[in-house]
Amino acid sequence: MTPANSLKKKNSIVSQFVALTQKQLFIPVAALLCLIIFNLIADPSFFAIKLGHNSDGQPILSGYLITILDYGSELAILAIGMTLVTAASGGQDISVGAAIAIAGSVILKVLCGDNSRPDHMQAPIIVAFLVACVVAMLFGAFNGSLVAFFKIQPMVATLILFTAGRSIAAWINNNELPIIAEPEFSYFGTFIPGIPIPTPVFIAVACMIVIFLVLKFTNLGLYSQAVGINPNSSRLNGINPAVVKLITYVILGLCVAVVGLIKVSRISTINYSVIAKDIEMDAILAVALGGNSLGGGKFNMPASIMGAYIIQFLTTTLYKFNVLSSALPAYKAVVVIILVILSAPVVRERLASFKKSRSAKNSVKEVA
Amino acid sequence: MENTEVLQMRGICKYFPGVNALQNVDFTLRSGEIHALMGENGAGKSTLIKVLTGVYVKDGGTILIRKNTSDEAMPDFEEAHIRSPQDAQNSGISTVYQEIALCPNLSVAENMFIGRSGAFTNWADMNKKTGEILKQLDIPATPRQQLGSCSIAVQQMVAIARAVDMKCRVLILDEPTSSLDEQEVEKLFKLMRDLKKKNVGIIFVTHFLDQVYEVCDRITVLRDGTLVGEYVIEDLPRVKLVSKMLGKDLDDVADIKGDSDVGPVDKTQTPVLEAHKLVSNAGIKPFDFNIYSGEVNGFTGLLGSGRSECVRAIFGADKVLGGTVNVKGKHVRIKKPIDAMKNGIGYLPEDRKLDGIVADLSVRDNIILALQVMKGFFRPFSKAKAEAMAQEYIALLDIKTASSDTPIGQLSGGNQQKVILARWLLTNPDFLILDEPTRGIDIGTKIEIQKLALKLASEGKSVTFISSEIDEMLRTCSRLIVMRDRKVVGELTGDDLTRNKVMATIAGGEET
């Protein structure tokens with residue numbers, strides 16, 4: 001191989017790499033790789049998965065990766081709804097944490113009835129879950145109508161429920177902390193006997209399949225993107241932008257109910273002020289990490305879901321290295337700043353122009 | 001001394017990539033006059049204003065402003081180097097734009113003094129001064145009143161008062177009347193006449209001919225970036241003004257019989273669409289409209305005369321306040337665009353960027369959008385079907401795009417317009433409304449679109465065509481509905497379809 005040829009080859013690799021950085025999935029994949037490499041170097045035992053037994057003698061898988069899949073699933077479910085809300089309304093719902101508290105509280109209320117420590121559940125779990133779905137979707141519709149019909153900025157509109165949600169959740173159960181004694185209830189947040197993989201993973205996969213089918217067999221994707229990009233044009237093509245926005249908030253409500261079930265099932269009770277605290281920020285970050293514009297418009301659902309698991313990967317990595325839980329947000333913030341700057345359009349344009357000047361230089365070299 | 005020149009612009013040039021926006025334009029403004037700046041879209045009015053106000057930096061020519069001396073005997077001018085709006089203000093040039101650039105949530109006095117008082121404000125003094133100015137100019141507002149609570153006209157006046165108070169000698173009013181009703185316009189004109197007496201030179205940009213003839217002393221006409229001429233208002237009757245703006249002399253009678261092969265329209269049949277006393281919230285007077293199968297008709301009139309508002313009312317794009325609509329003899333209610341679409345109506349909007357394209361979506365999604373919405377939320381086209389339809393129309397209309405996956409925003413204007421056309425052709429409408437389909441696109445595509453309109457008519461469809469170019473209208477339409485000042489003022493068919501007749505009807509008032 002002549003030197004000129006090898007130089008050419010090297011340059012084409014560089015320009016291919018730069019082209020790769022323009023892809024939407026580049027940021028999440030690169031972030032994931034960085035985290036994996038960091039952990040491999042720091043302590044490869046991070047990736048160890050052990051098959052053990054819990055106190056009931058049932059087989060369970062444990063290890064950091066399992067934790068990531070387990071808790072990342074909650075985030076992934078929320079990211080699905082948050083992606084749609086962001087696309088259609090060009091803003092985010094910051095009340096999801098508070099709404100999860102409400103949904104969880106409703107489930108416990110239906111299961112416990114008037115007695116906060118019942119020996120037996122007063123209703124089937126499916127009934128409790130469906131009631132929670134309806135309630136969460138109603139709150140979603142409330143947020144959605146503020147945004148769609150009253151044209152309030154999404155963050156401001158959802159600030160109302162963000163502030164009031166946890167009080168409403170506590171009020172639903174008269175500020176008592178109901179406890180469910182029956183083990184079946186804990187299956188949704190932990191393990192089903194005999195299956196060593198955490199149940200939330202299956203629930204998340206089910207949600208992903210549902211949203212995939214919805215996006216395939218309805219026009220939800222086309223409508224929400226069109227409305228987010230150009231509401232005027234959408235209206236002139238017969239779409240009702242307000243209704244589309246409302247629908248995305250209702251869908252997010254449904255996601256909230258699912259996560260609410262997982263959350264209360266994990267501990268078979270609820271702590272109104274702590275449950276799903278700050279989860280809205282992680283859900284929004286998941287959307288951003290996926291390379292989706294927080295200003296609305298085009299979205300990539302798999303990228304958002306991937307973003308959710310990466311956020312959880314980061315959180316778990318930090319826990320592993322004994323970062324105090326109170327200091328966790330600060331560490332997270334640093335990483336997030338880097339990621340968000342890298343995915344900012346300004347930086348991407350710079351990268352693109354870097355690529356251009358590079359290829360221009362190469363052609364000059366070849367002429368020489 | 002009356003009528004001394006305060007502003008001279010000599011040989012102003014401004015280039016944009018590929019366009020000569022202004023070529024060697026002269027403009028002179030005298031103190032104590034109201035001077036109308038007229039021209040159709042793209043004539044260079046707003047570019048000239050922007051050069052004068054420092055929004056654009058000129059590429060050639062000089063701007064001379066009279067020195068601020070009391071010595072009237074010496075007409076000495078100094079050259080003004082205007083590179084920013086701040087420079088313009090320091091030279092005594094103030095502008096009031098169409099959209100009021102004030103803060104509605106601040107008080108009237110705060111708006112008058114915002115950005116002028118430095119770090120500290122003497123509130124009492126500010127309110128007192130504002131009170132005096134308001135009284136002096138007879139503006140019905142109080143200093144402490146929140147600006148947003150005033151009517152649009154009063155807000156407009158406050159903006160003018162602010163400009164005048166900054167010791168301006170040149171006041172530019174850019175379309176100040178477009179959002180005012182008749183009484184408000186009267187109030188504004190009174191204020192303008194008062195300012196005129198105070199020796200302020202006013203440049204008045206408007207599309208309303210009646211208003212020009214009501215308040216102005218002189219008219220400067222621009223066309224295609226060049227100066228047509230400056231006229232004293234008495235010397236330039238309306239019809240002449242319109243012909244100067246459009247660049248067609250009245251005597252210049254050319255062949256206007258179109259090269260269309262559309263046969264005569266059978267008027268005995270039921271109209272495809274018939275509207276009676278239709279009125280929307282966009283400020284148009286109630287109008288009647290009908291169109292027959294195989295007919296191409298059009299709305300004509302100057303920009304802002306209400307052409308688009310009429311078709312938007314038919315399509316349900318604006319809120320319809322009254323009137324009845326029959327489609328093929330059947331009474332229908334069109335409250336929103338989807339109702340119109342289901343009745344076989346398509347609408348290509350005037351503003352392609354704002355109302356037409358969905359910029360980040362692919363060409364394919366943009367083409368199928370309207371048909372997809374009509375088909376329903378739960379019945380999306382398969383990817384293969386969507387791709388096949390997109391490819392068919394990309395080929396049919398010769399749309400130049402890298403692929404059907406390319407975001408439409410990356411296409412040229414003409415190709416974007418073809419995509420929007422494809423979108424509506426795909427819905428196979430009985431009645432297609434084309435609002436300025438050829439604006440800002442190259443001549444080749446223009447002719448293709450005109451031919452397409454005629455082809456649709458020969459296939460028995462109905463087309464309503466709107467264009468600012470009279471020639472284009474005469475070539476395509478067999479019937480013209482003429483609008484002036486948001487009112488239908490005439491309908492021309494057959495032998496009346498001549499440039500002269502159209503221009504005379506657009507101008508109204510006197511006939512030559």
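Which domains does the domain assignment of chain A give? Domain 1 (71-322) and domain 2 (333-368) of chain A are assigned, with bounds taken from an automatic or database domain assignment. The C-alpha centres of domain 1 and domain 2 of chain A lie 36 Å apart. The model is predicted: local features need pLDDT of at least 70 and side-chain atom pairs count only at pLDDT 80 or more, while totals for chains, interfaces and linings use all residues. Residues are numbered from 1 along each chain as its sequence is written, and chains are lettered from A and ligands numbered from 1 in the order in which they are written.

Between the chains, 17 residues of chain A are in contact with 23 residues of chain B (C-beta atoms, placed from the backbone, within 7 Å). On the side of chain A that touches chain B, helix 8 (220-229) and helix 9 (231-236) of chain A each supply at least two residues. Helices (H or I, at least four residues) and strands (E, at least two) are DSSP runs, numbered from the N terminus.

Chain B contains an open sheet of six strands in the order 16-17-18-13-19-20, with mixed pairing; two strands pair if DSSP finds at least two bridges between them. Strand 16 (345-348) and strand 20 (487-493) of chain B each have a single partner strand, so one side of each lacks a neighbour in the sheet. Strand 19 (residues 479-484) and strand 20 of chain B are paired in the antiparallel sense over six bridges. Within this pairing, B:L480 has B:L492 of strand 20 as its bridge partner.

Methods. Contact = placed C-beta atoms within 7 Å.
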